[in-house]
Amino acid sequence: MNRRRRLLLGAAVAAPLAAVVAAKPRARAGAHDAYFRALQSALAEAGLMRPTLVIDRARLQHNLARLQANRPRNFAYRIVAKSLPSLPLIETVRRATGTDRLMVFHQPFLNLVGERMPDARVLLGKPMPAGAVARFFAHHRNPAFDPLARIEWLVDTPVRIAEYAELARARAAEGLGPMRLNFEIDVGLHRGGLRDGRAVAEALRAVQAEPSLRFSGLMGYEAHASKMPGLLGGPRGALDRAMQAYAEALGAVRETLGDTFDASALTLNAGGSSTYAMYDGSEPCNELAMGSGLVMPTDFDVPSLADHQPASYIATPVLKALDRTEIAGIESLTGLFRAWDPNTARAFFLYGGYWLADPVSPPGLQRNAIWGHSTNQDLYNGSVDVELAVGDHVFLRPHQSEFVFLQFGDIAVYDDGRIVETWPVFTQGA
């Protein structure tokens, strides 16, 4: 075999071997840092040896300060209640921001807000089925919360407007006032809503023709903007296009209302956690909604929120710490798995699990891909150098807050090395 052929053969063998070596996982190791050691001690001192949702009050206050600094001063702020589903948490945000505006997405939560927070001004964040609206009124009991003055119902189609008109006429027959409707407009997310100025004008004329309805404003959600790749114009280009669509819709409102048009009397909502800091105050809206960016689940680790801090964690104790990871039926492969991936050496079974969340402390933990998920005792693996024992806590960051926060009972509020109080979360209720 000549030298050239030997070199070619060697290269042919070396390339896949190099790829295998490069793909082989390296052992990871670690222990809780000072922050998580202190948080673990605080949970143990409070007797919280169960899955617990924790909010760091100092980090929450930091994020509130960033919201206040980043938000254009000529725009009002609306709290997204689904992302902060706890009345004491919302009250904390209200005190820090001075707002009474909430965005609510669920009929039982709307009833709860009406019962417990009657001074709130509510914009629905999604169109409710007519049956859900009727159920709200059937279960509404607090006379201090006036739905006429306090609620703007979101509508997205002529059919929805007609359904709400039927409900409103029935209420009018009982001597009750008209329902206020806010129009959902499509500004680029393409999740429904009125798509252009013509559709907005037609919907507005339908509302004007019904004495039991009132038009209250527009809502244009543009969550897609922060995720737009540079090849398609990037976040700035996407937001500019969204605001052009918003301006067209508002222009149709102005033309249809004529001399009665008053933008300051309308709720012109836009924004979201991932986009609020991109606004400079020149846009056609007059208020911005934001919620998740105050507690920072991982879905909101985006450049526009780089100055915000993670403020919420799932903490859960380790129930079992085993020196070997064995999978039923393939026990004989234990050594092979460990030789390939040293991070599968040890097995840690947690109290609960299968949350929409990622482990963050101690570093080096990973889910077992073969075992699967368990909501009872989830399995995480780690190398021999991961410092974790029975009774220690594992900390995870939730992917989102709106659903995950509701899975643990009361929120534990962490501040200055202690659990200082607990906050009940929303209940599904009636």
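Contact here means heavy atoms within 4.5 Å.

## Basis of the model

The model is predicted: local features need pLDDT of at least 70, side-chain atom pairs count only at pLDDT 80 or more, and totals for chains, interfaces and linings use all residues. Residues are numbered from 1 along each chain as its sequence is written, and side-chain values use heavy atoms, with hydrogens and water left out.

## Surroundings of N381

Leaving aside neighbours within four places in sequence, N381 is in contact with T325, N343, T344, R346, A347, F348, G364, L365, Q366 and N368. N381 belongs to strand 14 (residues 379–382); helices (H or I, at least four residues) and strands (E, at least two) are DSSP runs, numbered from the N terminus.

The relative accessible area of N381 is 0%, so the residue is buried. Buried means under 20% relative accessible area, exposed over 50%, and partly exposed in between (1.4 Å probe, protein chains only). With N368, the N381 side chain makes a side-chain polar contact at 2.8 Å. A polar contact is a pair of N or O atoms within 3.5 Å; within protein, one must be able to donate a hydrogen and the other to accept it, and residues adjacent in sequence count only if both atoms are side-chain atoms.

## R66 and D307

R66 is in helix 3 (residues 57–70) and is partly exposed, at 26% relative accessible area. Not counting residues up to four places away in sequence, R66 touches Y276, D307 and H308.

R66 and D307 are 241 residues apart in sequence, while their C-alpha atoms are 7.2 Å apart in space. Their side chains make a polar contact of 3.0 Å.

## Aromatic pairs and charges over rings

The structure holds 13 aromatic pairs. Rings of Phe, Tyr and Trp (its six-membered ring) pair if their centres lie within 6.5 Å; planes under 30 degrees apart count as stacked, over 60 as edge-to-face and the rest as tilted. Y35 and F36 form an edge-to-face pair, 5.1 Å centre to centre with 85° between the planes. F36 is buried, with a relative accessible area of 8%. For Y35 and Y414, the ring centres are 6.2 Å apart and the planes are at 85°, so this pair is edge-to-face. Y35 lies in helix 2 (residues 34–45) and Y414 in strand 16 (residues 411–415), so the pair ties together parts that are 379 residues apart in sequence. Y35, F36, Y313, F395 and Y414 form one aromatic cluster.

The charged end of R59 sits over the ring of Y35, 4.1 Å from its centre. A charge sits over a ring if NZ of Lys or CZ of Arg is within 6 Å of the ring centre and within 35 degrees of the ring normal. The charged end of R171 likewise sits over the ring of F137, at 3.9 Å from its centre.

## Strand 16 and its partners

Strand 16 is mostly covered, with four of its five residues buried. Y414 is buried, with a relative accessible area of 6%. Strand 1 (residues 52–56) pairs with strand 16 in the parallel sense over three bridges; two strands pair if DSSP finds at least two bridges between them. Y414 in strand 16 is the bridge partner of D56.

Strand 17 (residues 418–423) pairs with strand 16 in the antiparallel sense over five bridges, and I411 stands opposite W423 in strand 17.
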